[in-house]
Amino acid sequence: MIKIYNMNEFERLFYNERKALNLKQKDVADLLNITTVTLKSRLRNPESFKYGELEILKNRNFNLDKIWKKIRQ
């Protein structure tokens, strides 16, 4: 069965950052101490990320500023 999934802009940019850092989705979820299902939900609704989660990502060299700037253009 083929799963069709349309990424929103945030998801696409987050995916690119994650790949550049050689991290799998499970790695990021473990890093944030959340499930992959919760991570997918957060990616669908970026405003749902908690401040502490964003700090963890930033400390792991995710370029969140670049992502937010591109989304707001």
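Trainee: Which residues of helix 2 meet which residues of helix 4?
Mentor: This is a predicted model. In it, Val28, Leu31 and Leu32 of helix 2 meet Glu53, Ile56 and Leu57 of helix 4.

Trainee: What classes of residue make up the contact of helix 2 with helix 4?
Mentor: Five are nonpolar and one is charged. No polar residue takes part. Glu counts as charged, whereas Val, Leu and Ile count as nonpolar.

Trainee: What makes helix 2 oblique to helix 4?
Mentor: Start with the angle. The two axes come within 10 Å and cross at roughly 125°. That makes helix 2 oblique to helix 4. Roughly perpendicular ends at 115 degrees, and roughly antiparallel needs over 145.

Trainee: What is the hand of the crossing of helix 2 and helix 4?
Mentor: The crossing is right-handed.

Trainee: What does Leu32 touch, leaving out residues up to four places away in sequence?
Mentor: Leu32 touches Leu39, Phe49, Glu53, Ile56 and Leu57. Leu32 is also among the residues that touch the most other members of the largest nonpolar core. That core has 15 residues. Others in that group include Phe14, Val28 and Phe62.

Trainee: Which elements give two or more residues to this core?
Mentor: They are helix 1, helix 2, helix 3 and helix 5.

Trainee: How do you know that Phe10 is buried?
Mentor: Buried means under 20% relative accessible area. Phe10 has 4%, so Phe10 is buried. Phe10 lies in helix 1. Phe10 and Leu43 are 33 residues apart in sequence, but 6.8 Å apart in space, C-alpha to C-alpha.

Trainee: Why is Asn22 called exposed?
Mentor: Exposed means over 50%. Asn22 has a relative accessible area of 69%, so Asn22 is exposed. Asn22 sits in the loop between helix 1 and helix 2.

Trainee: And why does Asn33 count as exposed?
Mentor: The cut-off is again over 50%. Asn33 reaches 71% relative accessibility, so Asn33 counts as exposed. Asn33 lies in the loop between helix 2 and helix 3.

Trainee: What is the phi of Asn22, and what is the phi of Asn33?
Mentor: Asn22 has a positive phi of about 55°. For Asn33, phi is positive too, at about 60°. Neither residue is a glycine. Most residues other than glycine have a negative phi.

Trainee: How many helices and strands does the protein chain have?
Mentor: Five helices and zero strands. Of the 73 residues in the chain, 29% count as buried.

Methods
Residues are numbered from 1 along each chain as its sequence is written. This is a predicted model: local features need pLDDT of at least 70, side-chain atom pairs count only at pLDDT 80 or more; totals for chains, interfaces and linings use all residues. Side-chain values use heavy atoms; hydrogens and water are left out. A nonpolar core is a set of buried Ala, Val, Leu, Ile, Met, Phe, Trp, Tyr and Cys residues joined through side-chain atoms within 4.5 Å. Buried means under 20% relative accessible area, exposed over 50%, partly exposed in between (1.4 Å probe, protein chains only). Helices (H or I, at least four residues) and strands (E, at least two) are DSSP runs, numbered from the N terminus. Contact means heavy atoms within 4.5 Å. Axes are lines fitted to C-alpha atoms, for helices over the stretch in contact, and angles run from 0 to 180 degrees between N-to-C directions. Angles under 35 degrees count as roughly parallel, over 145 as roughly antiparallel, 65 to 115 as roughly perpendicular and the rest as oblique. A crossing is left-handed if the near helix is turned anticlockwise from the far one by less than a right angle, and right-handed if clockwise.
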